[in-house]
Amino acid sequence: MPTTPPAPSGIRTLPSWLLGRAAARGRGLVAEALAEEDMKMWHHVVLSAVADQGPVAQAALGRSIQLDPKDLVGVINDLQDAGLVLRAPDPTDRRKNAITITEDGERTLDRCAEAARRANNELLAPLSATERKQFLALLTRISGIEGQGIEA
């Protein structure tokens, strides 16, 4: 990855700046890994959410991952064109679309999850196993998702 110049001394020790840099590095590593599977980050997020929630109404899916509805439509179109999800009228409300993952989608999701794990292992490589566990626990606490079924 290309290196960036150091931040001004007044901000380089701010936790928010450091978290942003770490997040940017992590996103870059995961994006590269997913690209090897011909996937983008939002495709992986949507496919993961459909696997967890499906069949799921398209509007509920968008709310759950906080993706703008018009952006979600494009991602779902891409996933459907690739045969990874199905979009059909929701059996409980035919005015809505329900999204379901296909078998090909499940296989792709498995490969993407493994690629993301490898990328995150690379991100956290400077840390020992104990430090990783502590780091993830701390990130979970400060991100506000503690107690939402997220394990560190």
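## Pocket, sheet and core

The lining of the largest pocket draws at least two residues from each of H1, H2, H3, H5 and helix H6 (129-143). Helices (H or I, at least four residues) and strands (E, at least two) are DSSP runs, numbered from the N terminus. The model is predicted: local features need pLDDT of at least 70, side-chain atom pairs count only at pLDDT 80 or more, and totals for chains, interfaces and linings use all residues. Residues are numbered from 1 along each chain as its sequence is written, and side-chain values use heavy atoms, with hydrogens and water left out.

H2 gives the most to the pocket lining, with 8 residues. The space in this pocket comes to about 1,500 Å³. A pocket here is an open set of points on a 1 Å grid over the protein atoms alone, where a 1.4 Å probe fits, with protein on both sides within 12 Å along at least five of seven lines; lining residues have an atom within 4 Å of a point. The volume is the space filled by probe spheres set on the points, which are joined across faces, edges and corners. There are 36 lining residues, and Val30, Met41, Asn120, Leu136 and Ile145 are the closest to the pocket centre. By class, the lining has 21 nonpolar, 10 polar and 5 charged residues. In this count Ala, Val, Leu, Ile, Met, Phe, Trp, Tyr, Cys and Pro are nonpolar, Asp, Glu, Lys and Arg are charged, and the others, Gly among them, are polar.

The protein chain has 6 helices and 3 strands, in the sequence pattern α-α-β-α-α-β-β-α-α. The strands form an open sheet in the order S1-S3-S2, with antiparallel pairing. S1 and S2 are the edge strands, each pairing on one side only. Two strands pair if DSSP finds at least two bridges between them.

| Strand pair | Bridges | Bridge partners |
|---|---|---|
| S1 (residues 56-57) and S3 | 2 bridges | Val56 and Ile99 |

S2 and S3 make a hairpin, with 2 residues between them.

Ala57 lies in strand S1. This residue counts as buried because its relative accessibility is 15%, where buried means under 20% relative accessible area (1.4 Å probe, protein chains only). Leaving aside residues up to four places away in sequence, Ala57 touches Asp90, Lys96, Asn97 and Ala98; contact means heavy atoms within 4.5 Å. Ala57 and Arg87 are 30 residues apart along the chain, and their C-alpha atoms are separated by 9.3 Å.

The largest nonpolar core has 28 residues, with Val46, Val50 and Leu61 making the most contacts inside it. The elements giving two or more residues to this core are helix H1 (15-35), helix H2 (41-53), helix H3 (58-65), helix H4 (69-81), strand S3 (93-101) and helix H5 (103-123). H5 gives the most to the core, with 6 residues. Such a core is a set of buried Ala, Val, Leu, Ile, Met, Phe, Trp, Tyr and Cys residues joined through side-chain atoms within 4.5 Å. Not counting residues up to four places away in sequence, Leu61 touches Val46, Ala49, Val50, Gln53, Val56, Leu72, Ile76 and Ile99.

Of the 152 residues of the protein chain, 28% count as buried.

Notes:
Buried < 20%, exposed > 50% of the residue type's maximum accessible area, 1.4 Å probe, protein only.
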